Amino acid sequence: MNNLSRLDLNLLLTLDALLTEQNVTRAAARLHLSQPSVSVQLAKLREALGDPLLLPGPRGMRPTARAEALREPLRQALQALDNAIASPLPFEPAQAHITWRIAASDYSEHSVLLPALAELRHAAPHCRLALMEVPSTRLGAAMEHDKLDLAIFTRSGAPLDLRSRLLFKENYRLVCRRDHPELQQSPDLAQFCQLEHVIVSPDGGGFVGSTDEALAALGLTRKVVMSVPHFSFVSAVLSRTNMVALLPERLVRDDPALKILDAPIEITGFDKVMLWPERVHRDPAHQWLRELIARAVAAE
DNA sequence: AGTGGGGTCAAGAGGATGTA
DNA sequence: TACATCCTCTTGACCCCACT
């Protein structure tokens, strides 16, 4: 690129027009410039390339051997540049080969990605999904360093500088196994506090959640006996024990082994959102994926 | 406000062409 | 062949605009 750094690249457009027209006046008309202006540009090209490039001839100019040798490579290079900066072609999922990298918890996989999966495989059979768990603290950096294209996350705690779209508002429900001996109906507060609870703590080891804060405000505590990092394991735990859990409704509503009850205390739900960096905001392939996911979730 | 780059306009130079 | 005319390119003067 050392040769190019000395050259105003606009001059290459002038050279292309000059080689096409072999006439400064007509090249100027083609470039929507005055003839003297193109004449000056030709002088700069001669200086930069160390060759007269075009010599006076009958009814215009004749290219030198150097100019003739430049004609085709220049044409191809300008065409390639033109293609590179042209508006992106519309995304064609049926032909595309692309890997989308998505951060999602197991709950997000179940509630957001699973509903979209069948249509995604059908519409884009050559594309791949790479799902990964990324903690919220590393989300922004992963997006910025081109390691992640999309995240399915809660709005609270999400980096503010990412683009976002609300997918749905989720509520917590009290969940136990279908034949739980003590819970034929929703418990009152006293019974709720006596039950053995399992909670999800993505960072591991946590035994206190927003439910405990709400109970504390009433001067109450509950019995949290287990904390697990993943939502999916909670379902297995509930179906084999007498433990209960407050879980996102979409995670458990189709599980025949579980019973869903109203909790005796108001627990604030959360907004489930898609997050993505500015880098892929206008990219047709990523726009298509986000639209497909949003549509699939809305149809649930 | 000064500076530099890039534009236009006007004038001039030089080669090609037409005609006597 | 000589000369007039035309066409095209180059150059200088000046203007505008962006940048410092």
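**A helix pair and its crossing**

Author: Helix α6 (residues 106-123) and helix α12 (residues 284-298) cross at roughly 120 degrees, and their axes come within 8 Å. The model is a predicted one. Angles from 65 to 115 degrees count as roughly perpendicular and those over 145 as roughly antiparallel; α6 and α12 are therefore oblique to each other. Their crossing is right-handed.

On the α6 side, the contact is made by Ser-111, Val-112, Leu-113, Pro-115, Ala-116, Glu-119, Leu-120 and Ala-123. Facing them from α12 are Trp-288, Leu-289, Leu-292, Ile-293, Arg-295, Ala-296 and Val-297. By class, the contact of α6 with α12 has 12 nonpolar residues, one polar and two charged.

A second pair can be described in the same terms. Two packed helices are described by the angle between their axes and the distance between the axes. For helix α2 (residues 10-21) and α3, the angle is about 130 degrees and the axes are 8 Å apart. That makes α2 oblique to α3. The crossing of α2 and α3 is right-handed.

From α2, the residues in this contact are Leu-13, Thr-14, Ala-17, Leu-18, Thr-20 and Glu-21. They meet Val-24, Arg-26, Ala-27, Arg-30 and Leu-31 in α3. The contact of α2 with α3 divides into six nonpolar, two polar and three charged residues.

The largest share, four residues, comes from α4. Nine residues surround DNA strand C, and the closest are Val-24, Thr-25, Gln-35, Ser-39 and Arg-46. Three residues of this surface are nonpolar, four polar and two charged.

Val-24, which takes part in the contact with α2, has a polar backbone atom 2.4 Å from a phosphate oxygen of DNA strand C. The side chain of Gln-35 has an N or O atom 3.3 Å from a base oxygen of DNA strand C. Of the atoms of DNA strand C within 4 Å of the protein, 73% belong to sugar or phosphate, and the rest belong to bases.

Methods. Residues numbered from 1 in each chain as written. Chains lettered and ligands numbered in written order. Predicted model: local features only at pLDDT ≥ 70, side-chain atom pairs only at ≥ 80, totals over all residues. Heavy atoms only, no water. Near = heavy atom within 4 Å. Polar contact = N/O pair within 3.5 Å; in protein donor to acceptor, adjacent residues only side chain to side chain. Helix = DSSP H or I, 4+ residues; strand = E, 2+ residues; numbered from the N terminus. Nonpolar A, V, L, I, M, F, W, Y, C, P; charged D, E, K, R; others polar. Axes fitted to C-alpha atoms, helices over the stretch in contact; angles between N-to-C directions. Parallel < 35°, antiparallel > 145°, perpendicular 65-115°, else oblique. Left-handed = near helix turned anticlockwise from the far one by under 90°. Contact = heavy atoms within 4.5 Å.
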